Amino acid sequence: FFFFLNRMFIQVCLYFYCKFLWRCLKFVVRKLTGRCELQRICYNTKPGAARTMKIEASLKGSKSKRLQTSVSVHPDAIEKTIDDIMELKKINPDINPQLGVSLQACLLQIVGYRNLVVEVEKLRREPYDSENPQHEEMLLKLWKCLKPNSPLKARISKQWCEIGFQGDDPKTDFRGMGLLGLYNLVYFAEWDTEVAQQVLSDSLQPKYREIFELAIHVNIWIFFFFSSQFSKAEWEKKKFDKAIGYSFAIVGINITDLAYNLLVSGALKTHFYNVAPEAPTLTHFQQTFCYLMHEFHKFWVEEDPLDIMEFNRVREKFHKRILKQLQNPEMALCPHFAASESLINM
């Protein structure tokens, strides 16, 4: 009972602090510094996720409805919204020209992220349609990018299993992620072709440990005869030369699901606010998917699971590692997709 009362007391104190004392404190700080919270954030925090997320929290937590709704305006209305904010906060734009530029960059990122979620969700909900020429063209492009030297003999073919689909017709595998899964796989295969082909090649190979398991099935002396042909250094190299043994396309669709959940949960804000100087786009999302595919590939090798039955365990562990990385406001998952230099001056 006393524990319950104590907990209630703490919650009441926190409520009054957030509702009254915090606003009083902000009022006092503004009087002392001559700057509102938005000015203090823009002037004291460097560009990127740290600044944009603070601006977003400040606008959402404002008692003014005009400020609260500013994070969800149409991109074309952002300039007008900045003027409204400056007027509401009684900030002279001629004296604070850089503030408007900084706020505009932050709002472009905030609004852009919301719009990206909508765009990605729309693709996820759109089912693959084999009667749609555009869908079919994309699917065939995926094959050509991954298997340029192996012509597809027929649209319905067991060859699709060679790139990691489950059956003769890949359309059934896109049910969970819709067109989003296909969009991501095609982007990976087309724009990061060398890496995608290498990951595919590895995924088709059995685990190297199967060599050691030969001792169980064949004469032990034959096994040691073959093993003696390798030097100790070669065996050490082979020990780390682990292949994968998973279905490339199915894993790609699964990693699409992981990227989608990171996006919708808001976890990717850290990354996108650091790499996109303005509004993050579908291309940024697809680049992030490429990164996640490559990193999951390496993570799977490091984990060295016994078989594909351990996929969910490895995926969950990988997911937690990415989430932990994204808790760092300085984090940018894809260093080679870094923000443009213009961000530095915003």
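Contact here means heavy atoms within 4.5 Å. With that in hand, take the chain as a whole: among contacts between residues at least 6 apart in sequence, 68% join residues at least 24 apart. What you are looking at is a predicted model, in which local features need pLDDT of at least 70 and side-chain atom pairs count only at pLDDT 80 or more, while totals for chains, interfaces and linings use all residues. Residues are numbered from 1 along each chain as its sequence is written, and side-chain values use heavy atoms, with hydrogens and water left out.

The secondary structure is quick to sum up: 16 helices and zero strands. Both kinds of element are DSSP runs numbered from the N terminus, helices being H or I with at least four residues and strands being E with at least two. Of the 346 residues in the chain, 42% are buried. Buried stands for under 20% relative accessible area, exposed for over 50%, and partly exposed for in between, using a 1.4 Å probe and protein chains only.

Let's start with helix H2 (residues 37-44) and helix H6 (97-125). Their axes come within 10 Å and cross at roughly 85 degrees. Axes are lines fitted to C-alpha atoms, for helices over the stretch in contact, and the angles run from 0 to 180 degrees between N-to-C directions. On the H2 side you'll find Leu-38, Gln-39, Cys-42 and Tyr-43, and they meet Leu-99, Ser-102 and Leu-103 in H6. Sorted by class, the contact of H2 with H6 has five nonpolar residues, two polar and no charged. The classes work like this: Ala, Val, Leu, Ile, Met, Phe, Trp, Tyr, Cys and Pro are nonpolar, Asp, Glu, Lys and Arg are charged, and the others, Gly among them, are polar.

A disulfide is a covalent bond between the sulfur atoms of two cysteines, and the cut-off used here is a pair of cysteine sulfur atoms within 2.5 Å. A search of the whole structure turns up zero of them. Cys-36 is buried at 1% relative accessibility, and Cys-106 is buried at 2%.

Leaving aside residues up to four places away in sequence, Gln-104 touches Ile-78, Glu-79 and Ile-82. Gln-104 and Ile-82 are 22 residues apart in sequence, with their C-alpha atoms 6.7 Å apart. Val-118 also lies in H6 and is exposed, with 57% relative accessibility. Its C-alpha is 9.3 Å from that of Val-264, a residue 146 places away in sequence.

Next comes the pairing of helix H13 (residues 248-265) with helix H15 (residues 282-303), whose axes are 10 Å apart at an angle of about 125 degrees. These two helices are therefore oblique to each other. Their crossing is right-handed, meaning that the near helix is turned clockwise from the far one by less than a right angle, with anticlockwise giving left-handed. H13 brings a set of residues including Phe-248, Ile-255 and Leu-262, which meet Phe-285, Phe-289, Leu-292, Met-293 and Phe-296 in H15. The contact of H13 with H15 comprises 13 nonpolar residues, two polar and no charged.

Val-275 belongs to helix H14 (residues 269-275) and is buried at 4% relative accessible area. Val-275 and Ala-332 are 57 residues apart in sequence but 6.5 Å apart C-alpha to C-alpha.

Finally, a word on backbone angles. Most residues other than glycine have a negative phi. Lys-90, though not a glycine, has a positive phi of about 55 degrees; it lies in the loop between helix H5 (78-88) and H6 and is exposed at 75% relative accessibility. Asp-304 is another non-glycine with a positive phi, about 50 degrees. You'll find Asp-304 in the loop between H15 and helix H16 (311-326), partly exposed at 25% relative accessibility.

Note on methods: Parallel < 35°, antiparallel > 145°, perpendicular 65-115°, else oblique.
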